[in-house]
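Q: I am new to this structure and would like to go through it step by step. Could we look at it together?

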Amino acid sequence: EVTLVMKNLGGEVATNSRLSYIQIAPAVAYVSPAGTAVAPFMTWATAANTLQDALAVVGRDGTGAHTRLAVTSGVYSVGAELVLDNDYTIQGHGAVSNVVIQGVSFFSRVLNISHPGATLSGVTVAGGYNTYHLYNGGGIYMTAGLVTNCIIRNNQVGGMGGGVYQSG
C-alpha cells in the first residue's frame, strides 16, 4: 500500500492511497503440473501450473533482477505464443526431453524471444505450426536473447525456420 499525504501553506490536507501499487516479484517463480497454483508461486508445492500464469507474476525482485521461472518436468501447452520481451529466464529442471513447452493451436509459434537478456534453457520446444508461406519460426522466432541446452522438435512453418528463425 502506498499513501501520499499533501499539505499546503493554508493547512489544507489531501490524502491518496493505493493498494497493490508497488509490487516486488519473487527471485524465482516455480512451474509444475503438481503445484497448487498459489501466486506468486514461490515453492514447488505452490507452483503455477502454466507458463502463462507464471509469466504474469514476473517482474523485478528486490535486487533489481528479473524473476527466473524454474520449470519442472511436464508438458506445458500454450495456445498462443509466449513472448519473452524482457530479461526473463525460463529454466528447465529435469531431463531436457521431459520439460516440454508444446504449441497446441494451428497458426501459432511457441515462443517469440526479442530481448537481449532473455534466456531459454533446458527445455524442449515442440508443436509450433503455421503453414502460411511468409510465416517464419514455428518453434521459436528470435531477434535477440539466448537459447541453450534445448531440444527443438516437431515444429512446422510455410516460411523459413520450422524450429528456430533467427533475425538480427
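Q: How many salt bridges does the structure hold?
A: The structure holds one salt bridge, meaning a side-chain nitrogen of Lys or Arg within 4 Å of a carboxyl oxygen of Asp or Glu. This is a predicted model, in which local features need pLDDT of at least 70 and side-chain atom pairs count only at pLDDT 80 or more, while totals for chains, interfaces and linings use all residues. Residues are numbered from 1 along each chain as its sequence is written, and side-chain values use heavy atoms, with hydrogens and water left out.

Q: Which side chains meet in that salt bridge?
A: The side chains are those of Arg109 and Glu81, at 3.0 Å from N to O.

Q: And where do the two sit?
A: Arg109 is in the loop between S8 and strand S9 (111-113), and Glu81 is in the loop between S5 and strand S6 (82-84). The pair links distant parts of the chain, 28 residues apart. Strands and helices here are DSSP runs numbered from the N terminus: helices are H or I with at least four residues, strands are E with at least two.

Q: Is each of them buried or exposed, or something in between?
A: Arg109 is buried, because its relative accessible area is 10%. Glu81 is partly exposed, with 26%. Buried means under 20% relative accessible area, exposed over 50%, and partly exposed in between, for a 1.4 Å probe and protein chains only.

Q: How many bridges join S5 to S8?
A: Five bridges join S5 to strand S8 (residues 99-103), and the two run parallel. Within S8, Gly103 stands opposite Val78.

Q: Which residue has a positive phi although it is not a glycine?
A: Phe41 is one of them, with a phi of about 60 degrees. Its place is in the loop between S3 and H1, and Phe41 counts as buried because its relative accessibility is 5%. Asn154 also has a positive phi, of about 55 degrees, without being a glycine. Asn154 lies in the loop between S15 and strand S16 (156-157) and counts as exposed at 61% relative accessibility.

Q: New topic: how many aromatic pairs does the structure hold?
A: The structure holds two aromatic pairs. Tyr141 and Tyr165 form a stacked one, 5.6 Å centre to centre with 20 degrees between the planes. Tyr141 lies in strand S13 (residues 140-142) and Tyr165 in strand S17 (residues 164-166), so the pair ties together parts that are 24 residues apart in sequence. Rings of Phe, Tyr and Trp (its six-membered ring) pair if their centres lie within 6.5 Å; planes under 30 degrees apart count as stacked, over 60 as edge-to-face and the rest as tilted.

Q: What about Ala118: where is its place?
A: Ala118 is in the loop between S9 and S10 and is buried, with a relative accessible area of 1%. Not counting residues up to four places away in sequence, Ala118 touches Leu84, Asn86, Asp87, Tyr88, Ile113, Gly145 and Leu146. Contact means heavy atoms within 4.5 Å. The C-alpha atoms of Ala118 and Asp85 are separated by 7.3 Å, although the two are 33 residues apart along the chain.

Q: Lastly, what is the mean pLDDT of the chain?
A: The mean pLDDT is 89, and 93% of the residues reach 70 or more. The score is the predictor's confidence in each residue, from 0 to 100.

Conventions. Pairing = 2+ DSSP bridges.
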